[in-house]
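Me: Hi! I have a model open and would like to talk it through with you. Could you take a look?

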Amino acid sequence: MRHRIDPKIVEKVVFGFLLIVSMLILIPILWVFLITLKNGLSVITWDFLTTSPTMNAGGGIYPAIIGTLLLVVGTVIVSLPIGLGAAIYLSEYSAKNLLTRIIRIGIVSLAGIPSIVYGLFGFAFFVIFLGQFLPIDWRKSLLAGSLTLALMVLPVVITASREALEAVPEHFREVSLSLGATKWQTIRYAVLPHALPGILTGTILGIGRAAGETAPIIFIASAWLARLPNIGNYYIFSGFMALPTYLYSTFANVGKYIENPNTPYGIALVLMILVFIITLPAILIRAKLRRGRKW
Amino acid sequence: MDKYLMDTAALEPVAQIKIKTTNLDLFYGDFQALINVNMEIAANKITALIGPSGCGKSTLLRVFNRMNDLIEECQVTGTVLIDDQDIYLPGTDLIDLRKKVGMVFQRPNPFPLSIYENIVFGLKVHGLARKSELDYHVEQSLKEVMLWDKLKDKLHRNALSLTLEQQQRLCIARLLPVKPDIILMDEPCSSLDPVSTQRVEELMKVLKEEYTIVIVTHNMAQAARVSEEAGFMLLGQLVEFGRTSQIFTTPKDKRTEDYITGRYG
Ligand SMILES: Nc1ncnc2c1ncn2[C@@H]1O[C@H](COP(=O)(O)OP(=O)(O)O)[C@@H](O)[C@H]1O
Ligand SMILES: [Mg+2]
């Protein structure tokens, strides 16, 4: 006689196991969040958010908040048109040839490069090489930071956009072409509008994630700058502070000369909240999309 | 006596030829999907293409608006005249051709936009955007497909909330603002119930007053009901082409007879 475990028991065991595994995922998330909250909350005051840092990581983090926000804006401005353009080319125009394969492999490789290498490349190329043509004050700039970060998020933007474009049903294109639209008109009127929510969601999530990265901008952002990116005089050529790099430099100096050891937690909390706010539109669009999609 | 016959023949209106194919061959790569098709499609009539699945009906239909151009290794030889213009001549304006030759697809496929946006889609693409004109075309087009009374207060509803029959009518309405002469329909009723099918057939009979209609159908009863002329296709060949009544009552070719008496397909 074959011995067989009751399938109902198996079902319960499997279910229980999967539930426990899922709960295990929650623990580190909660842990990180609670520790940050516990240590960081005491640091956050109105002054902390709205004033410039003083020596030894005293004072506030206002310039770093603004710096990170501007960096995000710059990254979007650079990466969205290029990424979207590449995605449209790949999804709508490219033939199945060697060039297309090379571009695709390039994008995958770009995604595989460690972020610190982007940091190094950004510094070497945008700051040192292209910086030769700029006044010395303008080299470690918001522009250089945005370009570096944009390069890093480009694979994410391209992939998200391409997937959104390819999710638009083929018959939208057919109908449009059969009405006498050109290929570009078809993309413009029958494809892009339906892909846009997906494109924006993917892009925002990717850039939100990049906004918290230290490595790509560690050689470019200023460790300490008691002023805002100097919008008035230099615009995008201004030096800047950013939250992740400031977090890194304060934390690295805790116990040496940082006044309050909880300061890094305060910065981390602000950074987490900021990234959440940046990605919130994407989360909302995505939720709306799930409900509204009908094709 | 002879004289009398000649006179009546002269009185019968000569059907104007809208589409004429001569020695039409079509290849998908190495596979020949259309073999030496010669036919003349009359203006302001409903012409049906029948035949078993895979015999090339859709392919032939897509020759007329050159949608086959989208398929990379598709090659066409022979001539296809529409209003005496060879549409496969180099330099043919595909935009004008496709405005003139509209297409209704097998599954109702409105865009997931409002009813209004669906109808003005073609106009917007072709650069017409004056609100009053768009409104006018929406009303006219919906009236032509007999949806206006039902939908005039719901123009900004999502088109996908309509019934399948209404969606298919809307897809016909979507063609009209760009002013086609010819409407190609590829099994337009295959996803509709019998009652809806009958109503869409009624609509076709009204539309043929203004448009030349070519319909592909696997439903022979439908071909018999709506069409005045019919072509029977088999394995890429146009086996027989003539008046529908003749095809269905006294087919000249044995294969046509076998098909309509249900021996295959
Ligand atoms: N894009 C294509 N590439 C290669 N073969 C095709 C393509 N489209 C259709 N065919 C072939 O051409 C023949 C005719 O197809 P089709 O015109 O769709 O037939 P029908 O509409 O009569 O069912 C079929 O054998 C089909 O497999
Ligand atoms: Mg077909």
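Me: Which residue in the turn of the hairpin formed by β1(B) and β2(B) has a positive phi?
Reply: G29(B), with a phi of about 65 degrees, and the hairpin has 2 residues between its strands. A caution first: this is a predicted model, where local features need pLDDT of at least 70 and side-chain atom pairs count only at pLDDT 80 or more, while totals for chains, interfaces and linings use all residues. Residues are numbered from 1 along each chain as its sequence is written, chains are lettered from A in the order in which they are written, and side-chain values use heavy atoms, leaving out hydrogens and water.

Me: Thanks! In what sense do β1(B) and β2(B) pair?
Reply: Antiparallel, over 8 bridges, with β1 at residues 17-28 and β2 at residues 31-42 of chain B. Strands are DSSP runs of E, at least two residues, numbered from the N terminus, and two of them pair if DSSP finds at least two bridges between them. K20(B) stands opposite E40(B) in β2(B).

Me: And what is the bridge partner of L26(B)?
Reply: That is V76(B) in β4(B). Strand β4 (residues 74-82) of chain B pairs with β1(B) in the antiparallel sense over 8 bridges.

Me: New topic: what does L60(B) touch?
Reply: Leaving aside residues up to four places away in sequence, L60(B) touches L24(B), L34(B), V37(B), M39(B), L49(B) and M233(B); contact means heavy atoms within 4.5 Å.

Me: Last one: what is the mean pLDDT of chain A?
Reply: It is 88, and 94% of the chain A residues reach 70 or more. pLDDT is the predictor's confidence in each residue, from 0 to 100.

Technical notes. Helix = DSSP H or I, 4+ residues; strand = E, 2+ residues; numbered from the N terminus.
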